[in-house]
Structures are given as C-alpha cells and as structure tokens.
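Welcome! Let us take a short tour of this protein, with the sequence and the 3D view side by side.

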Amino acid sequence: MSVTDRIAKLRKLMEERKMDAYIIPSADNHQSEYVGEHFKARAFISGFTGSAGTVIITKDDAGLWTDGRYFIQAEKQLEGSGIRLFRMAEPDVPTKEEYLESVLPDHGVLGFDGKVIGASEGQNYEEVLKEKAVSISYDEDLISYIWEDRPALSNAPAFLLDLAYAGESTASKLERLREKMQEADTTVHILSSLDDIAWLLNIRGGDVMYTPLVLSYAVITMEDVHLFINESKLNQEILDSWNGLSVILHPYEEIYTFVKTLDETSHVLLDPSRINYAIYKNLPDATEKVEKPNPTTAFKAIKNETELKNIRASHIKDGVAFTKFMYWLKKNVGKMPITERSASDKLEEFRSQQAGFISPSFSPIVAYKEHAAMMHYSATPESDYELKPEHFLLADTGGNYYEGTTDLTRTVALGPVSDELKTHFTAVARGMMNLARARFLYGCRGVNLDILAREPMWSLNIDYKCGTGHGVGYLLNIHEEPASFRWQLSPSGLPPAVLEEGMVITDEPGIYIEDSHGIRLENELVVRKGEKNEFGQFMGLENVTVVPIDLDAIVPEDLNKDERNYLNSYHKFVYETLSPYMTEEENEWLKVYTREI
C-alpha cells in the first residue's frame with residue numbers, strides 16, 4: 001500500500017469521525033525519541049524514517065514538520081507522497097500550531113492518539129485553538145485501523161543493572177525522590193518516561209531499538225511503587241532486588257484506569273512534557289496537580305563516581321574498536337570492496353569484540369561524500385555508496401556497554417582531499433577543541449559556551465542547523481536532558497540547564513554542504529569542578545573519548561599555538577591509553593596518527 005493510499009484511508013476514517021485534522025507524531029506512549037517498531041506510525045503514514053518529525057493530515061492537505069538535521073532526507077523521502085515539508089525554525093515557515101490555527105474551522109475537531117502526544121503539547125493545542133472553539137478527540141488511534149501488519153508491542157526481557165554499574169541502590173534513589181516529592185508538597189508521582197523508570201529501578205531491557213529500556217509506567221507514593229508492566233519481562237533477580245520496597249505490579253495498560261482512582265487527597269507531581277496527554281486527561285479534575293520536571297531527570301543527569309569510572313572504561317573499549325576500524329579502513333579502502341553499509345557492519349564487529357558490549361546506541365550514520373551532508377543519513381541498499389580512496393567518510397556511531405553508553409563521530413580522509421575540505425575539517429576540529437578547553441564559572445549554561453565551538457565556522461560564514469552537544473545517559477538514552485550546548489533556546493521553551501559537575505555532554509560541531517560533503521567531529525565531555533577562589537567556583541570539561549583526529553585532513557597552519565598544543569596533548573593521551581590494546585602493526589600506524597604537529 002502506497003503512502004497516498006494510506007493517507008486516503010486515514011482521511012476516510014477522519015470523515016467518519018468528523019475530524020478536520022489528525023496529528024501523527026514520532027513518539028511512543030512514553031514520549032521517547034527512539035521508539036519500538038510498533039510505534040513507528042509516522043514513518044508508516046509518510047515514508048519519512050527520521051527519528052524526529054510530526055505529520056498533520058487534513059481533508060485536503062498534508063505536511064511534515066521536522067528540524068534541520070533531516071531537511072535533505074525528508075525532501076527525498078517525501079517525493080511523490082503529496083506531503084509538504086515544513087522546515088522547522090526556518091523564516092516564514094508556520095509552526096504546527098500556527099498551521100492548525102489557520103486551517104481548522106470554527107468548532108472543528110482535531111484528532112490524535114492521546115497516548116503518543118505529550119501532555120504539554122496537547123495543552124498547547126487546547127490553548128491555541130480555544131478561540132476557534134475547536135474540540136479535541138484523543139481516545140482513538142486511527143493508524144491501528146490502517147496498519148494491518150503492525151508489529152506487536154515488544155516483550156523483550158528486562159535485566160538488573162548491578163550496583164557495580166549503577167553505583168546507587170533503588171532504595172537510595174526512592175528515598176531521594178520522596179524527599180523531592182515532600183518538598184513539592186505532593187504525595188503521588190507519575191512517571192511515564194522510560195529512562196526515568198529504568199534509572200530509578202535499576203533495570204534495563206530491550207523494548208526500544210538501540211536504547212535498553214523497558215515498556216512500563218510507574219506511580220510512586222510515599223509507601224509504594226506501582227509498576228505497570230508485562231510481568232513476564234521480570235526475572236527473579238530483579239524481583240529480589242526490590243524486596244522491602246513495596247513494588248506492586250499491574251498490567252501495562254492498567255495505568256489509564258488506575259490514575260482515575262486518584263482523588264482530591266492525592267497531590268500529584270507530574271512533568272507534562274514527560275507524560276502523555278491521555279494520562280493527564282484521565283486524572284480526575286479534583287486531583288491537585290503540581291507540574292514540575294521529574295526529579296529523576298536531574299538526578300540521573302549527574303553521574304556518580306561509580307558511573308563515571310565505568311564511563312571512562314566504556315570509552316576506552318569504544319576507542320579501541322573505532323581506532324582498529326580506522327586503521328582497517330585506511331589500509332583497505334580501494335583494495336577491497338567496501339560500502340557504507342559494510343563499513344558500518346565492520347565497525348559494529350569491532351565493537352562486538354569488546355567485553356560488555358550490548359548493542360549500538362543509535363542507528364549508525366556512516367556516510368560517504370555528499371551523503372554526509374545529511375546529518376542523520378542512514379544507508380539503504382539503494383543508496384549504499386562504494387567507498388573509494390578519496391574524499392571523506394563520516395561515521396557517527398556509538399555503543400551500549402554495561403559500563404555506559406558512547407556517542408562518537410569521526411570524519412576520516414580515505415585518500416586525497418581538496419584544500420576546501422581540509423579548511424572545513426580544520427575549522428570543525430578547532431571548534432571541537434575550543435569548547436573542550438573551556439573554563440567557566442559555575443552557573444554557566446550551554447548557551448553561554450556554544451560560541452566557542454561555532455566561532456571557527458562562523459568566521460567562514462558557515463553554520464550548522466542543530467545544537468552543538470547533548471547530554472548522554474548511563475546505559476540509557478543517547479540524548480538525555482537537560483544538559484546541552486546550543487546558541488538558541490530549546491524548541492521546548494524550557495530554560496537551559498546549569499552545567500553541573502558529573503554531567504556528561506557531547507561536543508560535536510560540524511559543516512554540512514548539500515550535494516558536496518559533511519564533516520562532524522564529536523567527543524564526550526564530563527563537567528568537572530576546577531579552582532574555587534574569590535571570583536567563584538570555576539568549572540572545566542574532562543574529555544573521555546579516546547580516538548585519533550585524522551591528521552591527514554588537518555591544516556596545521558590554521559591552528560593557533562593553544563589549539564596545536566591541545567591536539568598534541570590529546571593525541572599523546574590517545575596513544576598512551578590505546579596502545580596496550582592494539583597489535584604491534586596497529587601501534588606503528590597509531591604512532592603516525594597521534595604524532596606531534
């Protein structure tokens with residue numbers, strides 16, 4: 001069935017229900033960024049496979065809203081579908097709300113599945129459309145009637161994350177959470193976000209591709225934890241770890257009836273950006289709602305010393321894997337058939353050889369030549385370029401290890417590259433190093449520091465249409481709130497977070513020239529305390545990524561003294577850290593690629 005046929009069927013269902021517009025987002029029931037196969041309704045209805053985007057279907061129009069990471073990909077994938085591309089944050093492009101306000105009639109009906117729309121987003125639609133007296137229908141998933149071979153919900157088993165990895169018991173985490181609940185004068189806390197639940201209960205699973213999460217909801221009171229989950233996922237080791245914590249199990253879907261039982265004596269703490277609209281609307285009107293960020297979001301963003309020790313270990317493993325791949329790639333390109341997809345498979349093979357490897361941490365982005373201009377390119381059998389001993393290969397990949405989650409990007413010269421490419425590569429390297437070297441006073445946020453990464457690109461009158469860095473979870477989400485580096489405020493409207501000691505954040509500037517090339521370099525950094533004096537508490541950033549930056553693409557003359565010294569120091573660290581794990585032949589190569597310049 002083609003995309004146009006699917007849209008036609010959806011419009012028929014909308015007509016039967018007297019709906020004037022229907023929204024299909026990317027999220028699952030838990031507002032996750034990456035979702036299981038069952039929840040990929042937006043990809044099903046549109047053919048666009050990026051991880052972020054929203055489709056709106058009306059009686060005679062259809063649009064996809066997505067951000068700058070996906071403009072090129074979306075344009076290609078929407079060809080012939082009848083769906084228009086709305087490039088978010090571009091001049092004169094209406095927001096979803098502005099579009100709906102313009103196309104919906106007075107007293108019209110807006111439809112969506114309330115389980116996959118966030119409560120704050122649903123509230124926003126209510127506010128924007130109230131002057132037109134538009135009603136909202138949220139209790140039906142129309143896609144389920146069209147998607148005949150829709151995959152079932154995942155039933156992958158969960159596993160316990162041992163204290164040797166988690167560094168803090170569930171009992172301790174619950175105690176900290178309940179202290180925050182008391183401070184907010186609340187008695188009940190609803191958690192729907194999978195990473196928050198996994199962190200709190202020290203469990204991980206396999207229900208979401210690339211992200212080791214477990215489909216579940218949780219309602220925490222001062223005495224109990226009500227966990228809504230398919231009980232067959234839980235092994236005895238997990239259940240034993242919860243002894244004495246009063247964890248009460250319920251069927252997964254029962255959350256929607258359970259919240260209806262809360263009464264006026266329940267003071268409910270909830271984050272409207274992290275629970276879905278259906279849960280929010282099922283809460284009785286008499287229930288007092290205290291709308292604040294989940295305390296667990298801030299807790300898990302600040303890694304404890306056990307987690308940080310493990311994270312450093314995971315990056316050594318990841319560095320060994322990628323550096324062996326880089327050596328293999330440079331040695332064999334042009335001598336044997338290698339494509340984007342086979343290169344990606346080879347890199348995963350190197351990672352799988354590392355002890356404790358679980359899975360890739362996100363869909364690999366391995367892109368040659370102009371494909372790298374698409375920030376989130378994913379090679380298909382039809383697009384799979386064969387690599388030649390020339391130009392750049394961009395590899396943005398990562399791994400899930402018991403010791404943590406990694407996110408790493410390197411752009412590698414496969415042979416001769418032009419002076420323009422070298423100039424661009426060096427600018428990106430300078431930006432990454434300049435941000436990594438930052439010293440700043442406590443209280444700074446990512447918006448205060450982003451210019452350090454962008455300045456070398458801005459000096460060339462070039463920019464990249466995304467943030468510079470994001471938080472990284474501990475064997476959790478590859479994109480973790482609230483840490484970020486960006487020069488603009490977040491599209492969510494939430495204030496940028498203060499950079500706290502123990503946060504893990506990426507540093508990944510880039511240059512993307514459509515139909516030509518893409519360059520990105522990415523290291524992970526840990527926020528650390530520095531000197532404290534009469535001026536305040538100074539902070540710095542500890543690099544934990546251990547992979548060479550390709551000297552074949554660097555223009556040494558473009559580096560100032562501090563940048564050159566930093567690069568040489570970084571490469572000395574890389575060689576000293578990785579050489580014990582490499583073969584003699586690989587080390588001879590590594591000496592050349594970590595030499596002083």
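## A threonine and its neighbours

Leaving aside residues up to four places away in sequence, T58 touches R11, M14, D20, A21, Y99 and V103. This is a predicted model, so please read the contacts and distances here as computed from it. T58 belongs to strand β2, which covers residues 54–58. Its relative accessibility is 5%, and T58 therefore counts as buried, since buried means under 20%.

## Rings that meet

W65 comes from strand β3 (residues 62–66) and F86 from strand β4 (residues 84–87), so the pair ties together parts 21 residues apart in sequence. Both of these residues, W65 and F86, are buried.

Elsewhere, one aromatic cluster is formed by F112, Y125, Y138 and Y277. Rings also meet charges. The charged end of R6 sits over the ring of F44, 4.2 Å from its centre, and the charged end of K173 sits over the ring of W199, 4.2 Å from that ring's centre.

## Salt bridges

How many salt bridges does the count come to? The total is 41. In one of them, the side chains of D141 and R150 meet at 2.8 Å, N to O, and both residues are buried.

Another joins R430 to E563, with the closest N and O atoms 3.0 Å apart. Because R430 lies in helix α16 (residues 419–436) and E563 in helix α18 (residues 561–578), this bridge ties together parts that are 133 residues apart in sequence. Both R430 and E563 are buried.

R520 and E508 also meet through their side chains, at 3.9 Å, N to O. R520 is in strand β26 (residues 517–520), while E508 is in the loop between β24 (504–507) and β25 (510–513), so the pair ties together parts 12 residues apart in sequence. R520 counts as buried at 4% relative accessibility, and E508 is buried with a relative accessible area of 10%. Salt bridges can also form networks: D195, D196, R274, K300, K303 and E480 are linked in one.

I451, L452, W458 and W487 make a nonpolar surface patch of about 360 Å². Of these, W458 is found in helix α17 (residues 446–458). Is W458 buried or partly exposed? With 34% relative accessibility, W458 counts as partly exposed.

Methods:
Residues numbered from 1 in each chain as written. Predicted model: local features only at pLDDT ≥ 70, side-chain atom pairs only at ≥ 80, totals over all residues. Heavy atoms only, no water. Patch = residues over 30% accessible without salt bridge, like charges linked within 9 Å, V, L, I, M, F, W, Y side chains within 5 Å. Areas by Shrake-Rupley, 256 points an atom, 1.4 Å probe, with all protein chains shown as cover. Salt bridge = Lys/Arg side-chain N within 4 Å of Asp/Glu carboxyl O. Helix = DSSP H or I, 4+ residues; strand = E, 2+ residues; numbered from the N terminus. Buried < 20%, exposed > 50% of the residue type's maximum accessible area, 1.4 Å probe, protein only. Phe/Tyr/Trp six-rings, centres within 6.5 Å; stacked < 30°, edge-to-face > 60°. Lys NZ or Arg CZ within 6 Å of the ring centre and 35° of its normal. Contact = heavy atoms within 4.5 Å.
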